[in-house]
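Please open the structure in your viewer and keep the selection tool at hand. The tour begins with the whole chain and ends at a single residue.

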Amino acid sequence: MDKNITPQHILSLYRLPLNQLIWQAGDVLRKYFDSDKIQKSTLCNIKTGGCPEDCGYCGQSAHWKNVKITKEKLISIEELTKQCQEAKNNGADRFCIAAAWRTPPKDDFNKVLDMISTIHSFGLESCATLGMLTEQQATALAGVGLSYYNHNLDTSREYYPKVVSTRTYEQRLETLANARSKGIKLCCGGIIGMGETRDDRCGLLFELFKLQPESVPINQLVGVPGTPLGTSEKLDHIEFIRTIAIARILMPNSWVRISAGRDTMNDELQMLCFLAGANSLFIGDKLLTVSNASLQHDKELLSALVGT
């Protein structure tokens, strides 16, 4: 890791002419990956709503009473098996499970361990986002072979208190450290377009650079009506592309994923993201409680992108 990288260096990358930035990011992608390989992940919401955290972007928080969402308990192994088979049939490489918890309850956590084993029975990589983890929980997840643990930083340290108050930045980093200490790969990224400045985006990317997570989801805020950030001003698309490119340059060995917000992007914008270094996406009609691009449309997009 280049110890000379600073937030100021990252800001200088943002200021590059776009063609130079994309060219540089593309060179990094081609050096470390097969540039025609796009990783496909599927995200399954295994427990919906009622989360005690107050993340200002999330419709699953119990704090936002005006959000129309149906709370659901943990899904069954049978339902998970069905969804794993569907993901496998659709060409997914990784199957991700998400639960709206602050931290996993003991009884449900034991069921989650069984779910991870079920995912592996389909030959899929596993990823889980379950809230904060203790060291003991990370040990248990590693024991069933969890491939990745997702826990996003969301934004910069400075802007973070304007987004979340019920969980600190350091607690997020502690969960990531617990997972990594047990040999679990990290899936960690952020959300842009929450009203943060470019300096905040530099701050987020700097924290991610120091972590070097093996998977980096870059989300564009999907404004959920009834949440504090539901009416945030839309982010400029070129700024999103710049963020993707800089993530690729700073984290050359990582999968960089275009995540939430793709359903509002046209094909040309998504292709620019892949040219700028992204090499992963979520497939499936839904991401947790928000919509995603359709599976058929993604097949057509990827076919056009790789020339098949």
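Among contacts in the protein chain between residues at least 6 apart in sequence, what percentage join residues at least 24 apart? The share is 75%. Please bear in mind that this is a predicted model.

**The whole chain.** Ten helices and eleven strands can be traced along it. Turn the view: the C-alpha trace spans about 50 × 45 × 40 Å along its principal axes. The radius of gyration is 18 Å, which agrees with the value near 19 Å that a compact globule of 308 residues would have.

**Surface and charges.** The accessible surface comes to about 13400 Å², and 51% of it belongs to carbon and sulfur atoms. Of the 308 residues, 55% count as buried. Then colour the charged side chains: there are 34 positive and 34 negative ones, and the centres of the two sets lie 2 Å apart.

**One residue.** Now select residues 215-220, which form strand β7, and pick out S215 within this strand. Is S215 buried or exposed? S215 is buried, because its relative accessible area is 0%, and the cut-off for buried is under 20%.

Show what surrounds S215. Beyond its neighbours within four places in sequence, S215 is in contact with R94, Y148, L186, C187, C188, S254, W255 and R257. Select R94 from this group: a polar contact of 3.3 Å joins its side chain to that of S215. Finally, select V256, which is 41 residues from S215 in sequence. In space, the C-alpha atoms of S215 and V256 are 6.1 Å apart.

Methods
Residues numbered from 1 in each chain as written. Predicted model: local features only at pLDDT ≥ 70, side-chain atom pairs only at ≥ 80, totals over all residues. Heavy atoms only, no water. Helix = DSSP H or I, 4+ residues; strand = E, 2+ residues; numbered from the N terminus. Buried < 20%, exposed > 50% of the residue type's maximum accessible area, 1.4 Å probe, protein only. Contact = heavy atoms within 4.5 Å. Polar contact = N/O pair within 3.5 Å; in protein donor to acceptor, adjacent residues only side chain to side chain. Rg over C-alpha atoms; globule rule 2.2 N^0.38 Å. Areas by Shrake-Rupley, 256 points an atom, 1.4 Å probe, with all protein chains shown as cover. Lys, Arg positive; Asp, Glu negative; His and termini not counted. Charge placed at Lys NZ, Arg CZ, Asp CG, Glu CD.
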